[in-house]
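Here is a walk through one protein model. Keep the structure in view while you read.

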Amino acid sequence: MLSSVLVNVTRRLLLAQSSPLIETARFSRRIAVALRSKKAKSVNPTTQYFVDCKHVRVTGGKGGDGCISFLRLWCNENAGPDGGDGGNGGHVVFQACSDVKDLNHVTTLLGADNGDNGRNKDCHGKNANHTVIKVPLGTIVKTDSGKIVGDLDADGTMFVAARGGAGGKGNHFFISDLEQAPQVAEFGASGENKSYFLELRSMAHVGFIGLPNAGKSTLLRAITRARPKVAAYPFTTLKPHLGMVQYDDYEQIAVADLPGLIPDSHKNKGLGIQFLKHAERCNVLLFVIDVSLEEPWNHYNTLVHELSMFSEELASRPRVIIANKIDLPEAEKNIQLLEHHVDVPVIPISAKIGTNIEELLKEIRVIYDGMKKNS
Ligand SMILES: Nc1nc2c(ncn2[C@@H]2O[C@H](COP(=O)(O)OP(=O)(O)OP(=O)(O)O)[C@@H](O)[C@H]2O)c(=O)[nH]1
Ligand SMILES: [Mg+2]
């Protein structure tokens, strides 16, 4: 009885959560609604950094040794050599997987299992399983000298980083017309031992670009469960933070909060080129502008200038302006002026209060779908 009541309540909750169909005139099809978690965020410090570059050492498994053995039966004391072969060692393989978003889980030392040794009665050792390490889509594999040897840009693609050693042959293998009782067997070969740099090229689908204090981290906190530090001073964020926006059709969009840019960032001022490189790895750039400040279009022009000085291709990516802090009194007139001065769509929001966030999430999904269609 109680369980059926619970089931009904859960069903009602689920129905209440499920979203209505939203038809837009522009696309005349359903746009997935972002699922925004209502669960309270943990208050414990859980600082987790997004790892997009890693140096790893990989070792293939050793092959199993061959066995030297002679069979003795009750009716035949010298029934012949019966030493089995060793099994092959496992490979270390990197596999691109869309479920994985960064290289945080990849350890520095990666090894595969060894093959089993051969046994008497012609028992061959078992081949070791390969060690498959999932890496995000867009991971490139470089040697220590910087040569690119693998580009894992499609789901499921694999790169064999270190081959396992072959198993050694047992003495049964060495029987010949001349030698009927060989007393030799091989050791298993050692696996390859190599080192690589893994580098994640496509960091997130969407990246927030903005001057310091524009409210990028506040916005990431508002739309995802990520918890970057927010404070009223510049350069609060020193490393990129990543959050996932989940939609009700199970699509997930990775959003990155990048450290603030300042004039001359492309000359390595402020936090410098390193973070422009991160921007290079985002498919869509959202410019977060603080519209409570005077002449916000100048901020936008500064950001575009920095991006184009760094890379022309970067400046030509799809982009949208997010006019943040519309809750402040000076914002209203600044937004109108901003829309007048720029030729890209402007979405007014207040990341702190949550105004217009649903609209922004819908817009992000529309851009993301368009981007997927074109790629
Ligand atoms: N009134 C108001 N304040 C906001 C809003 N969004 C952010 N802020 C405030 O602006 C300040 C800076 O916010 P952050 O999110 O740390 O800004 P940021 O762009 O991440 O800054 P850096 O990490 O230094 O680049 C904080 O004090 C926020 O509370 C908003 O919509 N309205
Ligand atoms: Mg920040």
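Start with the contacts of the chain, meaning pairs of residues whose C-beta atoms, placed from the backbone, lie within 7 Å. Among contacts with a separation of 6 or more, 71% link residues 24 or more positions apart.

This is a predicted model: local features need pLDDT of at least 70, side-chain atom pairs count only at pLDDT 80 or more, and totals for chains, interfaces and linings use all residues. Residues are numbered from 1 along each chain as its sequence is written, while chains are lettered from A and ligands numbered from 1 in the order in which they are written.

The chain has 375 residues, and 38% of them are buried (20 or more other C-beta atoms within 10 Å of a residue's own, C-beta atoms being placed from the backbone). It holds 7 helices and 15 strands (DSSP runs of H or I with at least four residues, and of E with at least two, numbered from the N terminus).

Now find one sheet. Three strands, in the order E5-E3-E8, form an open sheet with mixed pairing (two strands pair if DSSP finds at least two bridges between them). Strand E5 (131-135) and strand E8 (158-162) are its edges, each pairing on one side only. Strand E3 (residues 92-96) runs antiparallel to E8, joined by 4 bridges. Val-93 stands opposite Val-160 in E8.

Turn to ligand 1. It is surrounded by 24 residues (C-beta atom, placed from the backbone, within 6 Å). The closest are Gly-215, Ser-217, Thr-237, Gly-260 and Lys-352. Helix H2 (residues 216-223) gives the largest share of this shell, 3 residues.

Note on methods
Buried ≥ 20, exposed ≤ 12 C-beta atoms within 10 Å, placed from the backbone. Contact = placed C-beta atoms within 7 Å.
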